[in-house]
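This report goes through a protein structure part by part. Look at the sequence and the structure before reading on.

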Amino acid sequence: MFKDIQKKLLLKYPLLWNTKFVPMVAIGLLLHVIFFGLGYLDGTIDFSNRNNIDIEVTCILFGVLLVVIIVILWLVNYFKNNSLKSFYSKSKYSLFYEWLQIFVVSSLLITFYIPFSVGKQLHQKSYYSLEETANRCKTISTAAMFIDGSFGDTELDSIHKSKLSEEDFKQIQNQVAENGIYRDTNYHYFYKDHIVFKGKKYNQFSLLNRDTFEFTVISREQDSLNRIQVQNLLHQNNQAEVKKLMDNYLSLIRQHNLATNLTLDKWFEIVYKAPQFDEFLYIQPYLREHETYNYYNSYDYATKIGKGERKYSKYFVQQDVLKDKYEIVSEAHTDSFFKIEMILGFLYGAFGLSILIFSFRVTSGKSWLIALVATGVINIVYGIFTAITGVENMYAYLILFTILGFIFYFFLIYAGFKS
Amino acid sequence: MTEFEKQFREVQELLEFNDFNQTIKRVIDFTLDTENIDFYIKTNAFLNWLDHNEKEDEDKKTRLKTLLDELHVHLREKECHEHQTIISVKNLQKVYNASFGLGPINLAIKTGEIIGLVGENGNGKTTLLRSLCGELHPTSGTINYQFQYDDLYDLRTKLVYIPQRTDTWRGSMYENLEFTASCYGYSPEENNLVVDLVITRLGLRKFRKHYWNNLSSGYKMRFELARMLLRKPKILLIDEPLANLDILAQQTILDDFRNIANSAFRPIAIVLSSQQLYEVEKTSNQVVFLKRGTQKNLNAENDVTKNCIIEFESSLNLSDLKQTLTALEVISLEQNGGTFIATFPEKIEMNDFLKVVINQSIPMTYIRNISNSTRRFFVN
């Protein structure tokens with residue numbers, strides 16, 4: 001089929017034939033389809049974390065290699081004929097069209113990662129609808145308060161130094177707030193060791209002061225509201241609702257074949273210590289440590305014993321995996337398919353490659369090489385000069401003026417030719 | 001009688017004498033002259049038939065005759081192209097550095113003419129050709145191209161220069177020619193027909209599917225010519241086209257040049273450089289001899305004394321010959337690689353020399369009167 005098309009193009013549109021535009025666009029599109037498929041495969045999420053597919057790096061390396069080979073084969077065929085160098089008659093805009101065709105082919109070849117990432121994200125997104133994802137994430141997020149959530153900051157307080165006795169000072173030293181805003185040195189600043197929720201005091205290490213997880217599908221405002229909602233349940237001793245939350249969470253764990261030795265009743269029993277909620281057990285949030293790449297938690301705050309130490313009970317639940325997997329789904333929903341910086345980067349790459357090929361086509365290999373070496377030398381000289389003078393942005397100015405100089409020189413010659 | 005009628009008679013005679021090769025070439029030339037796709041198809045049909053019926057002379061003859069008659073009827077109505085000057089060169093000078101300079105050169109090139117550039121190596125032939133094709137800018141003087149062109153690039157598409165060492169063609173020969181034809185505006189329908197005709201015209205029919213590396217240098221030159229014919233050039237500049245050809249091929253290609261240049265409807269000018277003096281002189285309308293960059297024209301007025309110069313080969317030695325030739329008032333006698341060159345006063349003629357040779361029984365293997373050949377410029 002391509003032979004027939006090429007033959008027709010040769011007779012009718014010699015330039016299109018010469019650049020091998022049609023077969024190259026077909027190859028480029030095929031490459032995109034293949035990488036979309038590979039991306040889709042890579043986007044498979046194994047919620048149980050047993051058979052994960054991670055072929056991204058392999059695919060990219062393989063893709064780069066493939067593109068290099070395709071480009072070489074393309075150029076070998078493309079460079080067989082050069083009507084400009086053979087002084088064949090050409091239309092006025094022929095060279096521009098030629099560059100445009102090179103650019104399109106280069107863009108198609110270079111951007112193979114875009115369909116990969118789109119395919120990947122599309123597959124990740126397809127597991128649950130946005131609404132469903134948001135619901136499940138809310139369950140995971142709020143249930144963290146009953147597992148191993150970190151403790152929230154307490155309010156900042158201050159006391160005038162003159163009012164402190166030696167012993168008081170020692171006692172509150174641990175709670176000194178060091179960093180941040182400007183502070184009056186006459187005062188001593190510290191975090192309170194309790195929080196106040198709806199007029200009732202709770203210990204800073206109480207269940208009520210635990211944090212929820214953040215998911216991108218849930219806004220920060222909604223996050224705070226969710227936390228307050230659970231705090232309310234505790235504050236009002238609404239056991240039924242808490243149990244319902246726990247049940248939802250456990251059904252997620254069961255659905256994804258994740259491990260836990262908790263049952264609803266046991267869990268409730270060891271954690272729900274109304275009314276102060278500060279004598280609960282710590283549940284280990286993982287089966288194996290560092291099972292997933294993003295460990296979800298800063299363990300530092302996991303216990304009130306002290307920094308860097310942990311004291312978990314014998315109970316565990318694979319929360320890390322669950323959270324990690326839902327984070328992926330959540331991000332697939334909230335991230336845009338195309339990142340402008342990435343596309344811009346690819347376009348710059350394609351532009352560079354096309355200019356490189358085009359300049360080789362219209363000049364001789366010799367001038368091409370000289371240009372390359374000259375660019376290198378100019379850069380080194382300017383670099384050294386900039387380093388010596390130490391003037392900020394000197395390098396950028398020098399390059400800018402050089403380019404302007406060349407443009408001026410070009411128009412000078414052009415005007416000379418015209419006259 | 002128009003130029004075309006003259007050529008038509010010639011071809012008829014060729015056919016009478018069963019010179020099919022030559023006739024077919026001329027028929028192709030006429031076919032291309034028609035610029036008519038119907039004739040392209042007819043001639044191609046005949047050529048395809050010929051591929052399988054090489055031996056049937058009678059059939060071949062009748063078919064050629066019909067074709068020729070049809071062409072005659074069509075072309076009779078077509079207006080012949082008058083020869084006109086297309087390039088005039090005035091005081092052209094090109095100085096590379098202190099060591100070598102070309103010119104001043106004065107030259108008028110007309111369509112339908114062949115101009116031979118001769119001269120020793122390194123005397124400016126290639127420089128002149130490259131100046132004419134716009135590859136080198138003259139140091140002084142002007143080259144005036146008397147036809148329409150938009151810019152320097154457009155000009156160069158109309159001037160075809162084939163350097164002595166040509167670039168390698170990549171891909172199949174046929175594809176390259178199709179590409180050229182396509183670039184030069186032949187329609188998709190015409191393209192293959194014209195390419196086939198041109199290929200056959202230059203005797204390359206068997207080689208069309210070949211690749212560059214499988215061709216001998218003679219055939220490479222022919223493919224270059226095929227490509228240039230497709231470019232419908234105004235002028236063809238060729239550097240040493242005969243260099244790699246055997247003696248038969250040299251004559252064939254010069255004949256081809258003659259016919260191509262002299263087309264009644266699409267005449268072009270051909271400038272070629274060569275070391276094959278006598279062959280070139282036979283075919284060329286003008287011969288330009290270059291010596292250290294300066295131009296010497298044959299029969300130039302400033303050449304006051306026109307001595308009789310004879311080139312010959314003999315087994316006698318130099319002193320014996322000198323003695324025998326004193327009767328003819330020999331001015332000089334030089335020997336160069338077994339060949340003698342004798343210069344006599346203007347009044348002496350070739351026959352006088354021959355008389356002496358016969359009378360004195362001088363053994364001779366080769367004699368040539370070079371008084372009117374640029375060969376004499378090579379004599380010191």
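## The nonpolar cores

Which residues have the most contacts inside the largest nonpolar core? They are V198(B), A226(B), I235(B), L237(B), I270(B) and V271(B), in a core of 75 residues. Helix α9 of chain B, residues 217–230, gives the most to the core, with 8 residues. Residues of the core come from both domain 1 (3–76) and domain 2 (85–297) of chain B, so the core lies between these domains. In soluble globular proteins, nonpolar side chains tend to be buried together.

One of the core residues named above is I235(B). Apart from neighbours within four places in sequence, I235(B) is in contact with I86(B), I87(B), I109(B), L159(B), I268(B), A269(B) and V271(B). There is also a second, separate core, which has 32 residues. Among them are A144(A), F215(A), V230(A) and M246(A).

## A sheet in chain B

Chain B has an open sheet of 6 strands, in the order β5-β6-β7-β3-β8-β9, with mixed pairing. Which strands stand at the edges? They are β5 (159–162) and β9 (294–297) of chain B. Each has a single partner strand, so one side of each is left without a neighbour in the sheet. On average, neighbouring strands are turned by 20° against each other, direction ignored.

Strands of a sheet pair through backbone hydrogen bonds, either parallel or antiparallel. β5(B) pairs with strand β6 of chain B (residues 235–239) in the parallel sense, over 4 bridges. I162(B) has I238(B) as its bridge partner in β6(B). Helix α5 of chain B, residues 125–132, packs on the sheet and touches β3 (114–119), β5, β6, β7 (269–273) and β8 (286–291) of chain B. The direction of this helix makes about 150° with that of β7(B).

## A lysine in a loop of chain A

K273(A) is placed in the loop between α11 (264–271) and α12 (319–334) of chain A.

Leaving aside neighbours within four places in sequence, K273(A) is in contact with E279(A) and F280(A). K273(A) and L207(A) are 66 residues apart in sequence, and their C-alpha atoms are 8.7 Å apart in space.

## Confidence

The predicted model scores ipTM 0.81 and pTM 0.83. Chain B has an average pLDDT of 85, and 97% of its residues score at least 70.

Methods:
Residues numbered from 1 in each chain as written. Chains lettered and ligands numbered in written order. Predicted model: local features only at pLDDT ≥ 70, side-chain atom pairs only at ≥ 80, totals over all residues. Helix = DSSP H or I, 4+ residues; strand = E, 2+ residues; numbered from the N terminus. Contact = placed C-beta atoms within 7 Å. Core = buried A, V, L, I, M, F, W, Y, C linked by C-beta atoms within 7 Å. Buried ≥ 20, exposed ≤ 12 C-beta atoms within 10 Å, placed from the backbone. Domains from an automatic or database assignment. pLDDT = per-residue confidence, 0-100. Pairing = 2+ DSSP bridges. Axes fitted to C-alpha atoms, helices over the stretch in contact; angles between N-to-C directions.
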